[in-house]
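Please keep the sequence and the structure in view while reading.

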Amino acid sequence: MIKTVTTAPYKDQKPGTSGLRKKVPVFQQENYAENFIQAIFDSLEGFEGKTLVIGGDGRYYNREVIQKALKMAAASGFGKVMVGQGGILSTPAASNLIRKYKAFGGIVLSASHNPGGPTEDFGIKYNIGNGGPAPEKITDAIFARTQVIDTYKIADVADIDLDAIGTFDLAGMTVEVVDPVADYVILMEELFDFPAIKALIAGGFKVVIDSMGAVTGPYAVEILEKRLGAPAGSVRNSTPLPDFGGHHPDPNLVHAKELYDDVMSPTGPDFGAASDGDGDRNMVVGKNMFVTPSDSLAIIAANATLAPGYAKGIAGIARSMPTSAAADRVAEKLGIGMYETPTGWKFFGNLLDAGKATICGEESFGTGSDHVREKDGLWAVLFWLNILAVRKESAYDIVTKHWAEYGRNYYSRHDYEEVDSDAANGMVTALREKLSTLPGQTFGALKVEAADDFAYNDPVDGSVSKNQGIRVMFEGGSRVVFRLSGTGTSGATIRLYVERYEPDASRHAIETQEALADLIAVADEISELKKRSGRDAPTVIT
Ligand code: VG1
Ligand code: CO
């Protein structure tokens, strides 16, 4: 029943910030997905007879790759695979299953916030036994293996019915098709004050969630509508579709604009949220208050004890380097540890496992905690609802009071998408060469204090990750950061991150782009971003 198939390496299977992402037609090449999956298995040791979790965000090609992965797991000697019904598992739900059932690891099929469909994106990522993304040591080994792979093993058997919950045999391996939502809901009910949120909603507080045709639909319907009593229809675009119904499931001010406009209208809902393709991100919007992800992290951390799961307090906070320093001030006040990591959730795993950090976040709409080892979109939404329910104040009041207490970190990210790769690399190289000459230079009222290419020394395992983003820091705490995206699939995406700290509460109501205008101009002067990219404006401003 087990066949060994001869194959040849593909040279382009290097995992990025979060797994391998390519266009669907690339994944549909002969043996392309098989090569990568076999390379994962070949890079692991000791999984004989153990359990693997498999699921995806429902995008185009999800079911086909799940069938391949099941047959290959059987051929490689796994004892059991737990797979979400219909092939569905959000990234945080997959992380939870791995942890709860002590699986050896998991394969999550998703290209997350990238669009889906026959000519759009697909992705494969591997998660380790703690439930989190494989660390660089493993992704490097997987890539090395893809470069020399010459065979893969697969069970030559019929497909499993992914829509039927139950236990099946596949070439001697057990396949358990599970409800993708049930265990996740149990976890959320343990962490948050559901009765308080239910009372808030029963009192007329109107909440909407836009699942953008992606994976969070079934989770959000079960939690918000069925458990918390929000009226039917409160979850929009709630059926996961192979092309996300044409939505670009990136919860930002461009792609979730409808929801944003609705919440901002005087008669619209009181609170809205959107999530991305695989359910690990969140955008949170209160009436007249868009909450930046960096502020969201800080405010969740500052109010953490209001949620039952965090009532005893938090041990530390971790944020990715480009995320604003708003959370740092909260950590300082609480007298707890603060960690700054490179972009990508895989860097939080060690800190969470070691108990150094309880809450983590990224500026890219990702927030999470030690409840799983991934960022978790619905978790963040529930955390906000819990805080709103207990404090009985609006999101607007909560955010402005937070700024008054801690100061405001004005913050924005500018993305230049699908830029010519050589032009983008040229910009980064030129910036690197300039770094040592920048300190001491002045640009208008701004004086450069320090400039570097961020390197991270993991305090738990001692590993070092270099070249994680160019930082130019100015006196007074302002900074600009440049990075190239590691998740895009065509050309290069340049990300510019801009931050200014404003302690003075009388200056907290300035429009963000205005408050950052001089820094944005200096960023362009230092990097020649516009000239080199050939663009006069960013594709997306957050
Ligand atoms: C982006 C974000 C990063 C996030 C990553 C994966 O990476 O900036 O913060 O961890 O996506 O998120 P990059 O390399 O494109 O900047 V997801 O929701 O796509 O799994
Ligand atoms: Co995602």
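## A term to begin with

Strands are runs of at least two residues that DSSP marks as E, and they are numbered from the N terminus; two strands are said to pair if DSSP finds at least two bridges between them. The model described here is a predicted one.

## The four-stranded sheet

Four strands, in the order S16-S15-S17-S18, form an open sheet in which the pairing is mixed. At the edges of this sheet are strand S16, covering 337-341, and strand S18, covering 366-369, and each of these pairs on one side only. If direction is ignored, neighbouring strands of this sheet are turned by 15° against each other on average.

Within this sheet, strand S17, made of residues 359-362, runs antiparallel to S18, and four bridges join the two strands. As an example that can be found in the structure, Ile359 stands opposite Ser369, a residue of S18.

## The five-stranded sheet

Another open sheet has five strands in the order S11-S10-S12-S13-S14, and here too the pairing is mixed. Strand S11 (235-236) and strand S14 (289-291) stand at the edges, and because each has a single partner strand, one side of each is left without a neighbour in the sheet.

Strand S13, which spans residues 282-286, is joined to S14 by three bridges, and these two strands run antiparallel. To see one such pairing, look for Val284, whose bridge partner in S14 is Val291.

Where does ligand 1 sit? Ligand 1 is found in the largest cavity of the model. There are 21 residues around ligand 1, and those that come nearest are Thr17, Ser112, Gly486, Thr487 and Arg495.

Several side chains can be followed towards oxygen atoms of the ligand. For Ser112, an N or O atom of the side chain is 2.5 Å from an oxygen atom of ligand 1, and for Glu362, a polar side-chain atom lies 2.7 Å from an oxygen atom of ligand 1. In the case of Arg21, the distance between an N or O atom of the side chain and an oxygen atom of ligand 1 is 3.0 Å.

Terms used: Residues numbered from 1 in each chain as written. Chains lettered and ligands numbered in written order. Predicted model: local features only at pLDDT ≥ 70, side-chain atom pairs only at ≥ 80, totals over all residues. Heavy atoms only, no water. Axes fitted to C-alpha atoms, helices over the stretch in contact; angles between N-to-C directions. Near = heavy atom within 4 Å. Polar contact = N/O pair within 3.5 Å; in protein donor to acceptor, adjacent residues only side chain to side chain. 1 Å grid on protein atoms, 1.4 Å probe; cavity = no way out; pocket = protein on both sides within 12 Å on 5 of 7 lines; lining within 4 Å. Sits in = over half its atoms within 2 Å of the grid points.
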